[in-house]
Amino acid sequence: MASRELRTVGKALALGTILIAIVATQFPFDYGFSRYAIRRRWARIDWEWFYAFDRDLVLNVLMLVPLGVGFALWRRAGRARVVFESLALGTLTSVVLELAQLLTRDRYTSFLDVWHNAAGCVAGCAIALAVTAASGRS
């Protein structure tokens, strides 16, 4: 696949992943914008940093792996910069999704999800960079 086509695929994968993540984390889009509702949900945020390996950890890491892959295929810069930017992109995406969950009635906001999603984005980026380097398309 030509470099231009690869970048187009990467951009589509990144944008598609963000759209799927929005649906997966916000559905059924039942938001409550009252100050009381937000304050009550803020009090229920899980601020834990670590917990045992479980299904939620795996799903949160895997959710943004395609975003990292797509970003690495789309972005043209030095490898270290692309990895750093994918960390920033994964963190920003996850923070926005988690903050939006504060407004939903049936969703649960967790600090752990932020860094698990960011780690997934970086992992996807690293995988894409490794594969493109092995195929000679760096």
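Which residues in α5 meet which residues in α6? In this predicted model, the α5 side of the contact is formed by R79, V82, V83, S86, L87, G90, T91, S94, V95 and E98, and these meet D113, V114, N117, A118, C121, V122, C125, L129, T132 and A133 in α6. By residue class, the contact of α5 with α6 divides into 11 nonpolar, 6 polar and 3 charged residues.

Two packed helices are described by the angle between their axes and the distance between the axes. For helix α5, spanning residues 79–101, and helix α6, spanning residues 111–134, the axes come within 8 Å and cross at roughly 150°. Because angles over 145 degrees count as roughly antiparallel, α5 is assigned as roughly antiparallel to α6. The crossing of these two helices is right-handed.

The α6 residues that meet α5 include two cysteines, C121 and C125. A disulfide requires a pair of cysteine sulfur atoms within 2.5 Å, and by this rule the count comes to 0 disulfides. C121 is accordingly in no disulfide, its nearest cysteine sulfur being that of C125, 7.0 Å away. Likewise, the closest cysteine sulfur to that of C125 is in C121, and the separation of 7.0 Å is too far for a bond.

Conventions: Residues numbered from 1 in each chain as written. Predicted model: local features only at pLDDT ≥ 70, side-chain atom pairs only at ≥ 80, totals over all residues. Heavy atoms only, no water. Axes fitted to C-alpha atoms, helices over the stretch in contact; angles between N-to-C directions. Helix = DSSP H or I, 4+ residues; strand = E, 2+ residues; numbered from the N terminus. Parallel < 35°, antiparallel > 145°, perpendicular 65-115°, else oblique. Left-handed = near helix turned anticlockwise from the far one by under 90°. Contact = heavy atoms within 4.5 Å. Nonpolar A, V, L, I, M, F, W, Y, C, P; charged D, E, K, R; others polar.
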